[in-house]
Amino acid sequence: MKGLSQQAFADLFGLTRGNISSYEESRAEPKAEIMIRIANFFSIPLPDLIEKDLSVNELLHYNTSFVIETEKLKMTRRLTNIPYVSVPCINDYIQKCDNKEFIQKLPALTTPCSSKSELIAIEVQEPNDLPAGFEFRNGDVLIFERVTKENIHRITDKLGMMIDSGNLRFGIYRTEDNEMILSLNDWVKYSFEIDSDTKYWLLQASFKQE
């Protein structure tokens with residue numbers, strides 16, 4: 001399989017080898033979000049993936065060089081499954097972000113990552129909710145790392161996210177009057193209290209649509 005086993009293919013998308021077999025044998029159909037992720041990952045036109053009967057081997061022909069590089073990365077960097085929150089799930093996530101069972105049931109994005117901190121991937125729902133200066137669009141995916149006392153020294157002037165009292169807010173971490181805040185703009189600013197129940201996150205990476 002051009003250097004990628006059926007199990008490795010499944011691992012890339014948080015699936016099992018049984019899932020892949022059932023798809024190829026037409027015993028089950030992948031969810032739409034899985035189809036989109038596979039199409040984007042291998043640079044396959046979505047109509048080809050939906051309309052053609054493609055095996056894992058045929059999928060690999062679309063982007064063999066990327067697959068080989070992925071296999072090399074697996075030997076040098078750890079592939080991490082990051083819980084993925086799509087737009088329809090954002091409200092549920094805000095309410096259940098402390099529920100480990102809910103988080104475990106979310107789909108996952110698999111990417112090389114050396115971070116040992118908690119990570120979450122969020123689909124952009126409304127770019128206007130972000131601070132000015134960021135060219136993110138609806139459907140782009142932002143990967144955030146949980147802010148802790150161990151990494152708080154590197155959050156200044158970086159894009160952040162906070163979840164507090166049923167709200168999800170974005171802003172830039174800034175220092176004002178010797179206190180850290182999360183600032184959306186010159187008028188909308190949120191307090192930063194690392195020892196509170198509020199969850200704070202720091203942008204680590206982004207995946208933009210073509």
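Tutor: Asp164 has its bridge partner in S6, and that partner is Asn167. The model is a predicted one, in which local features need pLDDT of at least 70 and side-chain atom pairs count only at pLDDT 80 or more, while totals for chains, interfaces and linings use all residues. Residues are numbered from 1 along each chain as its sequence is written, and side-chain values use heavy atoms, with hydrogens and water left out.

Another pair that joins these strands is Met161, whose bridge partner in S6 is Phe170. S5 and strand S6 (residues 167-176) run antiparallel and are joined by six bridges; two strands count as paired if DSSP finds at least two bridges between them. Strands here are DSSP runs of E with at least two residues, and helices are runs of H or I with at least four, both numbered from the N terminus. The two strands make a hairpin with two residues between them, and Ser165 in that turn has a positive phi of about 55 degrees.

At its other end, S6 continues into a further hairpin, with S7, again with two residues between the strands. Asp177 in this turn has a positive phi of about 55 degrees. Five bridges join S6 to strand S7 (residues 179-183), and the pairing is antiparallel. Tyr173 is one of the residues involved, with Leu182 in S7 as its bridge partner.

The whole protein has eight helices and nine strands.

Now the charged pairs. Side chains of opposite charge can pair when their charged atoms come close. The structure holds seven salt bridges, a salt bridge being a side-chain nitrogen of Lys or Arg within 4 Å of a carboxyl oxygen of Asp or Glu. One of them links Asp195 to Lys149, with the closest N and O atoms 3.1 Å apart. Asp195 sits in the loop between strand S8 (189-191) and S9, and Lys149 in the loop between strand S4 (141-146) and strand S5 (159-164), so this contact ties together parts 46 residues apart in sequence. Asp195 and Lys149 are both exposed; exposed means over 50% relative accessible area, buried under 20% and partly exposed in between, with a 1.4 Å probe and protein chains only.

A further salt bridge joins Asp98 and Lys199 at 3.2 Å, N to O. Asp98 is in the loop between helix H7 (90-96) and helix H8 (100-105), whereas Lys199 is in strand S9 (residues 199-207), 101 residues apart. Asp98 is exposed at 61% relative accessible area, but Lys199 is buried at 7%. Glu145 and Arg154 also meet in a salt bridge, at 2.9 Å from N to O. Here Glu145 is buried at 3%, while Arg154 is partly exposed at 34%. For the protein as a whole, 41% of its 210 residues count as buried.
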